[in-house]
Every structure is written in C-alpha cells, then in structure tokens.
Amino acid sequence: ALPVINQLFHTDPEPSARTAALRTIATLGGVEHFEEMDDYLTGGDLLLRQSVMVGLLRNGELESILAVGGSLTGLVNSALAAERGLAAQVLGESGLANFYRPLLKLLYDPEPQVQRAALLAAGKLQQPKLWPMVCAQLAAPHTRSAAQRALVAAGDAALPALQSALA
C-alpha cells in the first residue's frame, strides 16, 4: 500500500489527505523512507511536520524515535508558542504514554494556548503521573475547561488525583 499512499501524498491537492498520507508513510515505512521524511521533519509546514513526527513515533523503531527526539526537544524549548503547542500536539497524538515528560514543562508554559494544548495531550496520553498537574490547572480560568476535558478523558484513573486535590 505504501506506493499508492506515497502517490496520494504527492498528487492530492487536499491538505488533510496529504498530511494523513504522510503520517501513514512515516508510520508504516519508518526509516526506510527517512530521506523523504527528513525534509518534512525540519520543514516550515507545521501540519506536515506534525504528521511526520507522529508517524515516526508511532512507527516505534529506535531510529525513528531518535530522529524525532531532537526536533521534538527543539519544539518544546522553542521561543515560539506555536512550536511549543505543536510539541504538545505531537506528544498527544503519538499515543505513547511513556513520552509524557516534556508535557510537564508545557503544562506550566507562560502561554495559555500552549497549556491548553498540553492538557489536551495529557488527556490523550492517559499517563497517571500527569493527573496531579492536570488537577492543578483546574484553578486557572484560562485552563479550567481544558483540564476538565483531560480529566473526563481519564475517567476513573484520575479519581485518586482529584480526591487528593480536593482534600
């Protein structure tokens, strides 16, 4: 299927189709398609960049994860709020609960939109170590609803953290 998906990526004018195709190529092809992926991993189009990063993380190969690591660290520490928000989105969409540590920094970012992106990612990752920080975000009006959504996504798993926060 990869040749067909690759052709779709290069010919389809619809941006959402292209980003989905690129994510699929990165997920299924991994390092075998790395030369093509590398251009998008560091490129200026944030949607394509996100697709490649998520795909390579989901691929699970060591080389793929290492390739994303440097770029992801750069995004987490970026001076641009949009790039820090992108880092949170990549982490959340990766579905890799053990990759939660960068979210600890992003949950307390000075920009509310980055905090909200980190809260959304926390809800997707379902990492219990994040629940106390998510509960703490309930106190701030600009993050309260995002924190509530993350805790709802957690379900019963967040109850101990909520009980502790309420106590």
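Predicted model: local features only at pLDDT ≥ 70, side-chain atom pairs only at ≥ 80, totals over all residues.

On the H2 side I listed the residues that make the contact as Arg18, Thr19, Leu22, Arg23, Ala26, Thr27, Leu28 and Gly29, and on the H4 side as Leu47, Leu48, Gln50, Ser51, Val52, Val54, Gly55, Leu56, Arg58 and Asn59. Sorted by class, the contact of H2 with H4 has eight nonpolar, seven polar and three charged residues.

Next I turned to the other partner of H4 on my list, helix H5, which spans residues 62-76. I noted that H4 and H5 pack at an angle of about 135°, with their axes 8 Å apart. H4 is therefore oblique to H5, and I recorded that H4 passes H5 in a left-handed crossing. From H4, the residues Arg49, Met53, Leu56, Leu57 and Asn59 meet Ser64, Ile65, Val68, Ser71, Leu72 and Leu75 of H5. When I divided the residues of the contact of H4 with H5 by class, I had seven nonpolar, three polar and one charged.

The last pair I checked was H8 with H10, where H10 covers residues 144-154 and the two axes come within 8 Å and cross at roughly 5°. I therefore wrote H8 and H10 down as roughly parallel to each other. Arg116, Leu119 and Gly123 of H8 make the contact with Ala146, Ala147, Ala150 and Ala153 of H10, and by class the contact of H8 with H10 has five nonpolar, one polar and one charged residues.

The side chain of Ser51 reaches the backbone oxygen of Thr19 at 3.2 Å. Not counting residues up to four places away in sequence, Ser51 touches Thr19, Leu22 and Arg23.

I then looked at Leu28, which lies in helix H2, residues 15-29. With a relative accessibility of 55%, Leu28 counts as exposed, because the cut-off for exposed is over 50%. If residues up to four places away in sequence are not counted, Leu28 touches Leu2 and Asn59. For Leu28 and Leu2, I noted that they are 26 residues apart along the chain, while their C-alpha atoms are separated by 7.7 Å.

**A residue of H6**

Which residues does Glu93 touch, not counting residues up to four places away in sequence? I found that Glu93, which lies in helix H6, residues 81-94, touches Arg23, Gln50, Val54, Arg58 and Lys124. I also looked up Glu93 and Leu120, which are 27 residues apart in sequence and 9.7 Å apart in space, C-alpha to C-alpha.

**Two loop residues**

For Asp109, I noted a place in the loop between helix H7 (101-106) and helix H8 (112-125). Asp109 is buried, with a relative accessible area of 6%. I wrote down that the side chain of Asp109 makes a polar contact with the side chain of Arg84 at 2.5 Å, and that the side chain of Asp109 also reaches the backbone nitrogen of Glu111 at 2.9 Å. Apart from its neighbours within four places in sequence, Asp109 is in contact with Arg84, Val114 and Gln115.

My last entry is Gln126, which lies in the loop between H8 and helix H9 (131-136). Gln126 is partly exposed, with a relative accessible area of 32%. I marked Gln126 for its positive phi of about 60°, although it is not a glycine. I marked it because most residues other than glycine have a negative phi.

How values were computed:
Residues numbered from 1 in each chain as written. Heavy atoms only, no water. Helix = DSSP H or I, 4+ residues; strand = E, 2+ residues; numbered from the N terminus. Buried < 20%, exposed > 50% of the residue type's maximum accessible area, 1.4 Å probe, protein only. Polar contact = N/O pair within 3.5 Å; in protein donor to acceptor, adjacent residues only side chain to side chain. Contact = heavy atoms within 4.5 Å. Nonpolar A, V, L, I, M, F, W, Y, C, P; charged D, E, K, R; others polar. Axes fitted to C-alpha atoms, helices over the stretch in contact; angles between N-to-C directions. Parallel < 35°, antiparallel > 145°, perpendicular 65-115°, else oblique. Left-handed = near helix turned anticlockwise from the far one by under 90°.
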